[in-house]
Amino acid sequence: MKIALDPTPFHHSHSLLEFPKIAKDMGFDYLQMTPHKDFIPFYNHPKADDDLIQKLARAAKDAEVEIASLLPVLRWSSPDPDAREAAVRYGKRVLQIAVDLGVQQIGTEFSGRPEMAEESERAFYRTMEELLPIIEREGLHLAFDPHPDDFVENGLEAWRVIRGVNSKNLGMVYVASHTFHMQEEPLEIMRETGDRIRIVHVSDTMNHHASHGLRYITNPPGNPVRVHQHLKIGDGDVNWDEFFHGLAEIGFLDDPNTVMASSVFAENENAIEVSKYQSQTIRELTERARSGK
């Protein structure tokens, strides 16, 4: 397992090429590249040319850090045909960037719409039909996160959608902060999905179902909103012993190709301290789970 830093908290204080050194300084040997204006911005065409990709690869090598995964967010499942077709074009460039950086693992979101679930699912399968030949030819692995406010938010239902593509090159991202949106218990999802969970994001969140649904109140009641946080471990309601022991049970912790990314976004003002805390705590919880304690 590769323990990686998601550098999002440093996006506004440091340049793209500084991220590898930041990761190393925070105690990480791996980096997960998330949407950035100079790299692969949200929903738009990648902005990194071959020269910048080479500079990023050199910066990673100099820092003795490996780029473990990319996290593009594109409208793969958009019910809008123009947006979906654009995502396919942008996605082809993303796949080439992964190849050029020597990155095998890519994590992403479905990026459809819950109010148009059927149309979004059709769009998803259409996109996969177009991109899967490239993904399989290049030996890449693409994993999907059932993100809150997507056309599929339920954990097992997301796995069914992924499984339907019928390719070992596709899998699932398990985001701990989305635990209380995925409905099923974490162990149920992990056991059903097994080794097709390729990436996990480690950050805490509050259970918005607690207190009879009154932990968070929106007015008027019944607003179609989703709420979650990306807090440091221990600041929310995620059962971390269950989370790490579940990953140990399915073999995730001992797989050299899986990626565990620290993805805390709620404390940018303390990003250095929080990142170091995450690095140390993730390792401690991993060793505890491996030992069965």
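## Aromatic pairs

In this predicted model, the count of aromatic pairs comes to ten. One of them joins Phe110 and Phe144, whose ring centres are 5.1 Å apart and whose planes stand at 25 degrees, and since planes under 30 degrees apart count as stacked, the pair is a stacked one. Phe110 belongs to the loop between strand S4 (105–109) and helix H4 (117–137), whereas Phe144 belongs to strand S5 (residues 141–145), so the pair ties together parts that are 34 residues apart in sequence. Phe110 has a relative accessible area of 0% and is therefore buried; Phe144, at 0% relative accessibility, counts as buried as well.

Another aromatic pair, formed by Trp240 and Phe243, is edge-to-face, with 5.1 Å from centre to centre and 75 degrees between the planes. Both residues lie in helix H8 (residues 240–249), where they are three residues apart, about one turn of the helix, and both Trp240 and Phe243 are buried. Returning to Phe110 and Phe144, these two are part of one aromatic cluster that also takes in Phe124, Tyr125 and Phe151.

## Helix packing

| Helices | Angle between axes | Distance between axes |
|---|---|---|
| H5 (residues 155–163) and H6 (residues 186–193) | about 15 degrees | 9 Å |
| H6 and H8 | about 15 degrees | 10 Å |

On the H6 side the contact is made by Pro186, Leu187, Met190 and Arg191, and on the H8 side by Glu242, Phe243, Gly246, Leu247 and Glu249. Sorted by class, the residues of the contact of H6 with H8 comprise five nonpolar, one polar and three charged.

In H5 the residues Gly155, Leu156, Trp159 and Arg163 take part, and they meet Glu188, Ile189, Glu192 and Thr193 in H6. The contact of H5 with H6 has three nonpolar, two polar and three charged residues.

## Loop residues with positive phi

Tyr43, a residue other than glycine, has a positive phi near 65 degrees, and its place is in the loop between strand S2 (30–33) and helix H2 (50–63). With a relative accessible area of 32%, Tyr43 counts as partly exposed.

Gln183 is not a glycine either, yet it has a positive phi of about 75 degrees. This residue is found in the loop between strand S6 (170–175) and H6, and because its relative accessible area is 64%, Gln183 counts as exposed.

## Two further loop positions

Ser263 lies in the loop between strand S8 (259–262) and helix H9 (271–291). Is this residue buried or exposed? At 0% relative accessibility, Ser263 counts as buried. Apart from its neighbours within four places in sequence, Ser263 is in contact with Asp6, His201, Val202, Ser203 and His230.

Asp149 is placed in the loop between S5 and H5. Its relative accessibility is 28%, so Asp149 counts as partly exposed. If residues up to four places away in sequence are not counted, Asp149 touches Gly112, Arg113, Pro114 and Arg226. Asp149 and Glu273 are 124 residues apart in sequence, with 31 Å between them in space, C-alpha to C-alpha.

How values were computed
Residues numbered from 1 in each chain as written. Predicted model: local features only at pLDDT ≥ 70, side-chain atom pairs only at ≥ 80, totals over all residues. Heavy atoms only, no water. Axes fitted to C-alpha atoms, helices over the stretch in contact; angles between N-to-C directions. Helix = DSSP H or I, 4+ residues; strand = E, 2+ residues; numbered from the N terminus. Contact = heavy atoms within 4.5 Å. Nonpolar A, V, L, I, M, F, W, Y, C, P; charged D, E, K, R; others polar. Phe/Tyr/Trp six-rings, centres within 6.5 Å; stacked < 30°, edge-to-face > 60°. Buried < 20%, exposed > 50% of the residue type's maximum accessible area, 1.4 Å probe, protein only.
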